[in-house]
Protein chains: 2
Amino acid sequence: MEGREFKDAMYDGLAKLLKALSNPFRLEIIEMLSQGEKSVEAIVQITNLNFANASQHLQVLKNNNIVKSRKEKQYVYYSLVNDEFLALYQHVVKYAVTEIAELEKIMNRQRTDNQSGNAVSLVELESMIKNNNVLLMDVRPSVEFEFGHITGALSLPMNELMAKLKTLPADKEIIAYCRGPFCVLADEAVRILTEQGYNVRRLDEGYPEWKMKQLEMNHSN
Amino acid sequence: MEGREFKDAMYDGLAKLLKALSNPFRLEIIEMLSQGEKSVEAIVQITNLNFANASQHLQVLKNNNIVKSRKEKQYVYYSLVNDEFLALYQHVVKYAVTEIAELEKIMNRQRTDNQSGNAVSLVELESMIKNNNVLLMDVRPSVEFEFGHITGALSLPMNELMAKLKTLPADKEIIAYCRGPFCVLADEAVRILTEQGYNVRRLDEGYPEWKMKQLEMNHSN
DNA sequence: CAAGTATTCAATGTATTTATTGAATACTTG
DNA sequence: CAAGTATTCAATAAATACATTGAATACTTG
């Protein structure tokens with residue numbers, strides 16, 4: 001193979017991968033799957049796509065080795081192909097929200113509207129947990145919590161939040177987290193709990209970011 | 001802003017960035033610019049695009065904050081917008097060549113054809129340099145070497161290689177490197193020098209990967 | 001095995017991306 | 001300031017991506 005042919009093949013392949021990623025619905029699907037595997041039905045519900053369209057997008061992701069599927073009974077479950085891909089996706093998101101002015105602005109506005117402006121980073125969280133006086137609260141649906149969560153977190157899904165308000169200690173600072181930087185559940189929790197007089201902030205990142213960070217640390221040891 | 005609106009805005013923004021990256025010519029331009037700034041003319045020559053088309057692609061990259069331009073005399077010079085982007089691009093490439101079977105295969109075939117199969121990684125290089133008996137050789141054009149190169153490397157551009165063969169020590173192992181994993185100059189050098197009886201291997205990565213690694217190390221200190 | 005449900009396939013029209021062409025602009029140099 | 005050069009702009013045609021629709025498939029359960 002000549003040098004030119006080789007390069008063309010590599011750039012074509014790269015472009016194919018990036019093309020598969022360059023659609024907002026497919027990105028939303030990827031984001032969903034970063035919380036664990038989901039049925040097509042669940043994907044349809046959350047994305048507001050119809051079945052045929054969602055299926056089409058899923059095929060694109062599958063043909064580009066971004067997701068894999070397994071069949072159980074009459075349902076098909078999709079999940080991300082591996083953690084390397086998740087790390088890449090997170091890098092893209094991180095770049096976008098820190099380096100693209102437009103997205104940074106939207107993100108900040110969202111956080112201000114929800115009174116969750118001063119978010120805590122994963123690094124800060126670590127030292128806060130060491131100093132102990134903090135309650136880490138996972139506000140995702142319990143299925144997602146069960147699939148995996150930050151060590152030491154308490155599961156308190158949004159729909160149970162109001163009912164279980166009294167069980168929360170008034171003296172501890174509360175850190176709420178959910179799926180990641182785009183997830184608004186934690187914002188919502190911060191808004192509600194602030195109104196109720198709690199000292200609460202959100203975590204900048206979510207469970208998948210924490211998970212990848214753990215993997216990285218294990219790898220470098 | 002409602003949660004749905006917010007998410008849509010974020011995914012649209014992300015998709016826009018990825019769309020700008022999802023074209024083989026634009027990727028080739030990015031790869032070129034990772035060696036330093038280039039004039040439109042240089043970009044046209046290497047990519048085989050015509051001026052109007054190259055300019056169009058450059059506008060796309062510029063509108064998405066991937067490249068920036070500066071004008072000097074009648075020439076316009078383009079360069080990558082910052083190192084964060086370069087790091088992201090390198091992550092994409094690394095993912096693609098290690099996780100996408102198709103690209104991995106093409107890469108391996110290329111290396112086998114050029115007798116440069118057992119490439120050295122940056123990590124290996126480091127320890128080899130400590131143990132000293134190795135000559136690190138940069139085979140890129142001298143302009144690129146002058147813009148930046150791996151510490152301790154000798155500049156020996158491909159077009160001078162044959163002429164300066166005798167100046168190379170026969171007792172040292174030679175490591176040739178160029179622009180990165182897609183660059184075939186180092187393969188070419190390995191082929192030629194092996195024929196001449198030298199003990200030579202190529203570096204898996206290139207100058208930009210080394211540069212980013214240095215930055216990372218400085219950052220974590 | 002019939003009926004129901006989950007998912008995918010295939011076909012079509014529309015929107016978007018890309019290459020090509022020719023002209024316009026901007027800058028330099030004599 | 002005229003002529004030449006580098007780059008961009010604008011318009012168009014061709015290729016590709018996407019949403020929508022209706023049907024087909026595959027599987028489960030009674």
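Which residues come nearest to DNA strand D? Select His57(A), Lys73(A), Ser55(B), Val76(B) and Tyr78(B): of the 23 residues around DNA strand D, these come nearest. A residue counts as near a strand if one of its heavy atoms lies within 4 Å of it.

Before moving on, some ground rules. This is a predicted model, where local features need pLDDT of at least 70, side-chain atom pairs count only at pLDDT 80 or more, and totals for chains, interfaces and linings use all residues. Residues are numbered from 1 along each chain as its sequence is written, chains are lettered from A and ligands numbered from 1 in the order in which they are written, and side-chain values use heavy atoms, with hydrogens and water left out.

**Stop 1: DNA strand D**

Show the atoms of DNA strand D within 4 Å of the protein. Sugar or phosphate accounts for 74% of them, and bases for the rest.

Now look for polar contacts (pairs of N or O atoms within 3.5 Å; within protein, one must be able to donate a hydrogen and the other to accept it, and residues adjacent in sequence count only if both atoms are side-chain atoms).

- His57(A): a polar side-chain atom lies 2.7 Å from a phosphate oxygen of DNA strand D.
- Ser55(B): an N or O atom of its side chain is 3.0 Å from a phosphate oxygen of DNA strand D.
- Glu41(B): here a backbone N or O atom lies 3.3 Å from a phosphate oxygen of DNA strand D.

Next, colour by element. Helices (H or I, at least four residues) and strands (E, at least two) are DSSP runs, numbered from the N terminus. At least two residues of the surface near DNA strand D come from each of H2 (24–33) and H4 (51–63) of chain A, and H3 (40–47), H4 (51–63) and E3 (75–80) of chain B. H4(B) gives the most, with five residues.

Ala, Val, Leu, Ile, Met, Phe, Trp, Tyr, Cys and Pro count as nonpolar, Asp, Glu, Lys and Arg as charged, and the others, Gly among them, as polar. The surface near DNA strand D has eight nonpolar, ten polar and five charged residues.

**Stop 2: DNA strand C**

Zoom in on Tyr78(A): a polar side-chain atom lies 2.7 Å from a phosphate oxygen of DNA strand C. For His57(B), a side-chain N or O atom is 2.7 Å from a phosphate oxygen of DNA strand C. For Asn53(B), that distance is 3.1 Å. Then select H4(A), which gives the most to the surface near DNA strand C, with five residues.

**Stop 3: H1(A) and H2(B)**

Select residues 3–21 of chain A and 24–33 of chain B. The axes of these helices come within 8 Å and cross at roughly 110°. Axes are lines fitted to C-alpha atoms, for helices over the stretch in contact, and angles run from 0 to 180 degrees between N-to-C directions. H1(A) is therefore roughly perpendicular to H2(B). Angles under 35 degrees count as roughly parallel, over 145 as roughly antiparallel, 65 to 115 as roughly perpendicular and the rest as oblique. Contact residues (heavy atoms within 4.5 Å) include Tyr11(A) and Leu14(A) of H1(A) and Leu27(B) of H2(B). The contact residues divide into six nonpolar, no polar and five charged.

**Stop 4: H5(A) and H6(A)**

Finish on chain A, with residues 83–99 and 101–113. H5(A) and H6(A) pack at about 85°, their axes 5 Å apart.
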